[in-house]
Amino acid sequence: MADSAFEVYNLRGELQTRIPLVTSKYGADRMMYHRVDLHQVLKHRATSDEYPGRAATLRVSSRVRGCKCEEGIVELEDGERLKGDLIIGADGIKSVIRGAVLGREVPG
């Protein structure tokens, strides 16, 4: 289910403020997860032998410079180019992947 608002409660459980979440900014419903939780789920699914297919190889400490979604190519800051069947953009508020997917830059 998509998130409709960010709510803040006091210690007695009383609603203090409610900030509606704009869903049209990215053209889809907004879902909020803690980054660590999202990364753990993605890592498990991509590398586990519980699922069919070849397990993914994960790259860490690699900054993304660009992405060609239709070609499955990610270019790293050091110039290395990686090709795959699927690109998952979980690269945070300053996402390079988001701009490539949407075809335009959207401020975080």
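## Salt bridges

By the distance rule applied here, the count comes to four salt bridges, and the model in which they are found is a predicted one.

In one of the pairs, the side chains of Glu 7 and Arg 18 meet with a nitrogen-to-oxygen distance of 3.0 Å. The two residues are eleven positions apart and link distant parts of the chain, with Glu 7 in strand S1, which covers residues 5–9, and Arg 18 in strand S2, which covers residues 15–20. Glu 7 is partly exposed at 32% relative accessibility, and Arg 18 is likewise partly exposed, with a relative accessible area of 42%.

Another salt bridge joins Arg 12 to Glu 14, where the closest N and O atoms are 3.1 Å apart. Arg 12 is exposed, its relative accessible area being 68%, whereas Glu 14 counts as partly exposed at 37%.

## A link between two loops

Arg 59 and Glu 80 also form a salt bridge, with their closest N and O atoms 3.0 Å apart. Because Arg 59 lies in the loop between H1 and strand S3 (64–68), while Glu 80 lies in the loop between strand S4 (73–76) and strand S5 (81–83), the pair ties together parts that are 21 residues apart in sequence. Both ends fall in the intermediate class of accessibility: Arg 59 is partly exposed at 42%, and Glu 80 is partly exposed with a relative accessible area of 32%.

## The two cysteines

How many disulfides does the structure hold? The number is zero, and Cys 67 is in no disulfide, the nearest cysteine sulfur being that of Cys 69 at a distance of 3.7 Å. Cys 69 is in no disulfide either, and the nearest cysteine sulfur to it is that of Cys 67, 3.7 Å away.

Is Cys 67 buried or exposed? With a relative accessible area of 16%, Cys 67 is buried, because the cut-off for that class is under 20%. Cys 69, by contrast, is partly exposed, with a relative accessible area of 32%.

## Helix H1 and His 39

Helix H1 spans residues 35–47, and His 39 lies within this helix. His 39 is partly exposed, with a relative accessible area of 35%. Although His 39 and Asp 91 are 52 residues apart in sequence, their C-alpha atoms are 9.9 Å apart in space.

## The chain as a whole

The protein chain has two helices and five strands, and, read from the N terminus on, these elements follow the order β-β-α-β-β-β-α. Among contacts between residues at least 6 apart in sequence, 28% join residues that are at least 24 apart.

Of the 108 residues in the protein chain, buried residues make up 14%; Cys 67, described above, is one of the buried residues. The accessible surface of the chain comes to about 9,000 Å², and 53% of that surface belongs to carbon and sulfur atoms.

Conventions
Residues are numbered from 1 along each chain as its sequence is written. This is a predicted model: local features need pLDDT of at least 70, side-chain atom pairs count only at pLDDT 80 or more; totals for chains, interfaces and linings use all residues. Side-chain values use heavy atoms; hydrogens and water are left out. Helices (H or I, at least four residues) and strands (E, at least two) are DSSP runs, numbered from the N terminus. Buried means under 20% relative accessible area, exposed over 50%, partly exposed in between (1.4 Å probe, protein chains only). Contact means heavy atoms within 4.5 Å. Accessible areas come from the Shrake-Rupley method with a 1.4 Å probe; for residues, only the protein chains shown count as cover. A disulfide is a pair of cysteine sulfur atoms within 2.5 Å.
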